[in-house]
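This briefing covers selected features of a single model. Please have the sequence and the coordinates open while reading.

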Amino acid sequence: MTASETNSPGAEKRGAEEPGAGDPGAEEPGAGSAAWELLLPAAAAPARARGRALQAALREAVRSGRLASGTRLPSSRDLAADLGVSRGLITEAYEQLTAEGYLRSGRGAGTWVGGAVRSAPPRARDLAPRSPGTRADFVPGTPDLSLFPRAAWATAQRGVLAELPHADLGYPDPRGLPRLRTALAELLARRRGVVADPERLVIVSGVAQATTLLGFALHARGLRSVGVEDPGSPQHNALYAAAGVTTVPVPLDAEGLALDPLRASGVRSIVTTPAHQYPTGIAYSARRRAELLDWARSMDGYVLEDDYDGDFRYDRAPVGALQGLDPERVAYTGSVSKSLAPGLRLGWLLVPQALADEVVERKRTMDLGHPTLDQALFARFVERGDYDRQLRRCQRAYRERRDALVAALEEYFPGARVSGIAAGLHVIAVLPKRYGPEADFHARVTAAGVAVRLLSECAHAPGDHDDVRLVLGYAHLSPARIREGVRLMAAAA
Ligand SMILES: Cc1ncc(COP(=O)(O)O)c(C=O)c1O
């Protein structure tokens, strides 16, 4: 039999099977004639390089799975004839790859694919955080990814590829492209009331990276701890820890961070979400905002403002960022994770002068700057008003969804209370005692396929309370799915 017959598509599959290869665990031979064709370019290599080229091609065919484990190779005579090379080269290649473990000799005559080397390339696993198999997913944090403006994005992408100077494909200023920093400074000043000096604006891969950069900058100034809101975003702890800075939980009261515990905590800097506290949903009072800045000045410290969803306010115009009141005491950060898509990994950090050099140097050593094509694209998107349009579109959709959630809670959980301002992408729902205890409620609704996050998961110490307090994300669900999800939750409760 010739090589091409052995592996031609119509050839008997197991006619030349290795003894024992039919075990249930053994893999099917999968090579088509293409597997031998893979060797043709090597066979055509100059005489001196031909032997090595054949070995490399055969090795690659096994590694990539084109020659599946369990496949019998043609005899050296047949393969040599098919490829038009000397038989000695094939014998040598078989011996070399057998020694390396890519091939093995069967009992009696014959050479087979397999042995120590796995033939199929390893598959990458997906560790992205998701809630698989849920019937209703209220886990907060994700916007509606179907609202991503694909058409406008594609137009911007084409435009950018056409107009981008070659030089902008080189290593960027680690702070980001001047064009984007200029456009963003205008946007943030207009929409969030920040004092936006483009020279102190750093393009980052999200609030997460901004947090790590700030951690390094504080560490460089001798700070080893930073205060965080309790309850607060669970991700802050790990991010600051990566910079060698520990987090100290500071409780909240009705107006924001509680001042006495803050003063007693010993920290000199504090992380806050004043526009829409995560997760309780309160907005800091004007008085507390001023008190927080006074405290930071008195400590020669900083307020680290995470404006993660500050654009979305449904009952009034958004309150301006704290940074606008004292740009030398407040580091301000935000991202497109709630307005476009978290997968873009695109955000910004506006730093006080005293922290600027350290932050920029850290950004440089971390990744030499943010990808320039993404930056140019987003700059164009902002400049042409597309980002404002997207924010308006999300605002309309999310307001409607919040209303749907509040109405469904009223209908299916009589006596439930929704706390926090009408803003952002989540609400706190406080269910009456009769639904508790909280852990049992959580277990019941989870078993029914409803994913929810408990407020206590965001607290430093869970504490004792009788009612069930939920952080419910709604932005990624249609009003109909929200209603259905709440109905399912009530049926399981
Ligand atoms: C409080 C808070 N800040 C920021 C973010 C967003 O982080 P990033 O911009 O890195 O996606 C989140 C994500 O859910 C968050 O909950």
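Does leucine 169 count as buried or exposed? The model is predicted, and in it leucine 169 has 56% relative accessibility. Exposed means over 50%, so leucine 169 counts as exposed.

**Surface around leucine 169**
- Leucine 169 sits in the loop that runs between helix 7 and helix 8 (178-192).
- Together with Leu161 and Leu373, Leu169 forms a nonpolar patch on the surface.
- The accessible area of these three residues together is about 290 Å².

**Glycine 159**
- Helix 7 (residues 150-163) contains glycine 159.
- Its relative accessibility is 13%; buried means under 20%, so glycine 159 counts as buried.
- Glycine 159 and leucine 377 are separated by 218 residues in sequence, while their C-alpha atoms are 8.2 Å apart in space.

**Largest nonpolar core**
- The largest nonpolar core comprises 67 residues.
- Phe138, Phe378, Tyr387, Tyr398, Leu472 and Met489 have the most contacts inside this core.
- Helix 15 (residues 386-412) gives the most to the core, contributing nine residues.
- Because domain 2 (136-143 + 391-492) and domain 3 (148-388) both give residues to the core, it lies between them.
- In soluble globular proteins, nonpolar side chains tend to be buried together.

**Contacts of phenylalanine 138**
- Neighbours within four places in sequence are left aside here; phenylalanine 138 is then in contact with residues including Leu405, Val450, Ala451 and Val452.
- Also among the contacts of phenylalanine 138 are Val471, Leu472, Gly473, Leu477, Ile482, Gly485, Val486 and Met489.
- Of these partners, Leu472 and Met489 are also listed with the residues that have the most contacts inside the core.

Key. Residues are numbered from 1 along each chain as its sequence is written. This is a predicted model: local features need pLDDT of at least 70, side-chain atom pairs count only at pLDDT 80 or more; totals for chains, interfaces and linings use all residues. Side-chain values use heavy atoms; hydrogens and water are left out. A nonpolar core is a set of buried Ala, Val, Leu, Ile, Met, Phe, Trp, Tyr and Cys residues joined through side-chain atoms within 4.5 Å. Buried means under 20% relative accessible area, exposed over 50%, partly exposed in between (1.4 Å probe, protein chains only). Helices (H or I, at least four residues) and strands (E, at least two) are DSSP runs, numbered from the N terminus. Domain bounds come from an automatic or database domain assignment. Contact means heavy atoms within 4.5 Å. Patches are made of residues with over 30% relative accessible area and no salt bridge: like charges are joined within 9 Å, nonpolar side chains (Val, Leu, Ile, Met, Phe, Trp, Tyr) within 5 Å. Accessible areas come from the Shrake-Rupley method with a 1.4 Å probe; for residues, only the protein chains shown count as cover. A salt bridge is a side-chain nitrogen of Lys or Arg within 4 Å of a carboxyl oxygen of Asp or Glu.
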